[in-house]
Amino acid sequence: AALSYASTAHGEQHVLVFDFGGGTLDVTVMRIDDQGAREVLATDGVPIGGDLLDRRIVMGKMLGHFGEGATLGPRKMALPALLLDHLSEWQSIVDLTQPRYLSIIDEAIRTGDKPNELRALRTLVRENYGLPLYEQVERAKVRLSDDPRTTIAMDVPGIRFSDTLERWDFDRLIGPDVREVSACIDRALAAAGLTAADIDVVLRTGGSSRIPRFVRMLADKFGADKLKEMDVFTGVAAGLAIAAHDQ
């Protein structure tokens, strides 16, 4: 992405590339001189991406629809946490199809005080609805980039709910990730021997770079006038072509 920008840049400048995709956040600090020559001064990154933010929504907002808070039997035992912990990734939901987990879920339905929600959990597991759940959450997250609130809903046999997700609540859920990303940027600047004031252009690329909370963090750190958006889905590919040509 840095190379793609440098190929069209004019004049001497310091550039920070904020590449925020589905799996990782990658930062590059680069100097371009007045002849167009480019030098990468520092790179850094953290394993935070859009997929992790989807998980924040599921674990922070969706578990109530699948039995969170249920108590079991006359002794009011808590629903085993390991069941809902498996909802933290759509890929791990399939682990709950093991007979020992299904047996626990069936017992919870028989003795718990939230049988409808626990039946929804069983349906989620048995009918392999984990991926559709996460797809609904991802679409809602994308809509929040333009709208202050949106709805997450599922309407399939055995699972029916509709929940409102406010942008401010999403911001709350991802607060720790915003702080970690900010610290990553600060490390890259320090490694480059620069401060935020030395950066002339901040390039946002990758689908997650459109999330308003991260845009606001960048604007607070560098100034909104320095932010530029590359093509969020092809900027990296264009740079790879340039790198291959230069070999």
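Entry 1, the core. I began with the largest nonpolar core of this predicted model, and I counted 66 residues in it. The members with the most contacts inside that core are L16, F18, F66, I185 and F214. I then checked which element gives the most to this core, and helix α9 (residues 175-192) does, with 7 residues. I also found a second, separate core of 12 residues, with Y5, A6, M30 and V201 among them.

I set aside residues up to four places away in sequence and listed what F18 touches. The list includes V181, I185, L203, F214, M217 and L218, as well as D26 and R204.

I placed F20 in strand β1 (residues 13-20). Is F20 buried or exposed? F20 counts as buried because its relative accessibility is 0%. Beyond its neighbours within four places in sequence, F20 is in contact with residues including L25, I48, L53 and F214, and also with G206, G207, S208 and S209. I noted 9.6 Å between the C-alpha atoms of F20 and G45, which sit 25 residues apart along the chain.

Entry 4, the second largest pocket. I read off about 170 Å³ of space there. Which helix gives the most to its lining? My answer is α7, with 4 residues; α2 (50-62), α4 (90-93) and α7 (130-143) each supply at least two. By class I noted 6 charged, 3 nonpolar and 1 polar residues in the lining, including D51, R55, W90, Q91 and E138.

Key:
Residues numbered from 1 in each chain as written. Predicted model: local features only at pLDDT ≥ 70, side-chain atom pairs only at ≥ 80, totals over all residues. Heavy atoms only, no water. 1 Å grid on protein atoms, 1.4 Å probe; cavity = no way out; pocket = protein on both sides within 12 Å on 5 of 7 lines; lining within 4 Å. Points joined across faces, edges and corners; volume = space filled by probe spheres on them. Nonpolar A, V, L, I, M, F, W, Y, C, P; charged D, E, K, R; others polar. Buried < 20%, exposed > 50% of the residue type's maximum accessible area, 1.4 Å probe, protein only. Contact = heavy atoms within 4.5 Å. Core = buried A, V, L, I, M, F, W, Y, C linked by side-chain atoms within 4.5 Å.
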